[in-house]
Amino acid sequence: MFGFDWIDSKLKGTLQAILAGVWAAIASTALKMTVATIPEILDENRQQLIACGLSLCAFVFANMMMWISFTAALDRYSTAYIPAVINFTSNAITSTIVGSVFLNESLAWQTLVGNAAMVTGALFLLAS
């Protein structure tokens, strides 16, 4: 799908599941930006209306890409739980990074510990 012919099937599935999680985090961020601009739209600000429309389009596009990547990852595994766990972990980590960098959300130590635990669990799952 993405031109990685030299990579084996399971690794392709893992990469596609990670990519699906990244797309899901982008979709989530786009939706946050869409909802955040709604109060300004009510004031009939044309620039805010355009920003809201673009954010909504980014949300739809990212969701489409997420489902394409996730279903491709599902094709690579005999069971759905491995791509689902990898997707969830990737989504959580990407959401944490995007929220911190672009939305100025604070990072609590519990979030970092939780992300580390999810990565550890996903690595154990992949090793089994």
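This briefing covers helices, a salt bridge and aromatic pairs in the structure above. The model is predicted. The salt bridge count is 1, and the structure holds 2 aromatic pairs.

**Salt bridge**

- Side chains of opposite charge can pair when their charged atoms come close.
- Lys32 and Glu105 form a salt bridge through their side chains, with 3.2 Å from N to O.
- This pair links distant parts of the chain, its members being 73 residues apart. Lys32 belongs to helix α1 (residues 9-41), while Glu105 sits in the loop between α3 (81-102) and α4 (109-127).
- Lys32 has a relative accessible area of 41% and is therefore partly exposed. Glu105, at 36% relative accessibility, is also partly exposed.

**Helix α2**

- Helix α2 runs over residues 46-76 and has 31 residues. From its first C-alpha to its last it reaches 46 Å, close to the 45 Å expected at 1.5 Å a residue.
- Its buried residues are Cys52, Ser55, Ala62, Met65, Met66, Ser69, Phe70, Ala72 and Ala73.

**Aromatic pairs**

- A pair of aromatic rings is described by the distance of the centres and the angle of the planes.
- Trp23 and Phe61 make an edge-to-face pair, with 5.6 Å centre to centre and 85 degrees between the planes. The pair links distant parts of the chain: Trp23 is in helix α1 and Phe61 in helix α2, 38 residues apart.
- Phe61 is partly exposed because its relative accessible area is 42%.
- Trp67 and Phe70 are also edge-to-face, at 5.8 Å centre to centre and 85 degrees between the planes. Both lie in helix α2, 3 residues apart, or about one turn of the helix.
- With 12% relative accessibility, Phe70 falls under the 20% cut-off, so Phe70 counts as buried.

**Phe102 in helix α3**

- Phe102 is placed in helix α3. Its relative accessibility is 61%, so Phe102 counts as exposed.
- Between Phe102 and Thr29 there are 9.0 Å in space, C-alpha to C-alpha, although the two are 73 residues apart in sequence.

**Helix α4**

- The 19 residues of α4 should span 27 Å at 1.5 Å a residue, and the end C-alpha atoms are 27 Å apart, which agrees.
- Asn115, Ala122 and Leu125 are buried in α4. Down the axis of α4, the buried residues fall within an arc of 90 degrees, so they line one face of the helix.
- The buried residues of α4 pack against α3.
- Trp109, Leu123, Phe124 and Ala127 are exposed residues on the face of α4 turned away from its buried side.

Key:
Residues numbered from 1 in each chain as written. Predicted model: local features only at pLDDT ≥ 70, side-chain atom pairs only at ≥ 80, totals over all residues. Heavy atoms only, no water. Salt bridge = Lys/Arg side-chain N within 4 Å of Asp/Glu carboxyl O. Helix = DSSP H or I, 4+ residues; strand = E, 2+ residues; numbered from the N terminus. Buried < 20%, exposed > 50% of the residue type's maximum accessible area, 1.4 Å probe, protein only. Expected span 1.5 Å × (residues − 1). Arc of directions from axis to C-beta. Contact = heavy atoms within 4.5 Å. Phe/Tyr/Trp six-rings, centres within 6.5 Å; stacked < 30°, edge-to-face > 60°.
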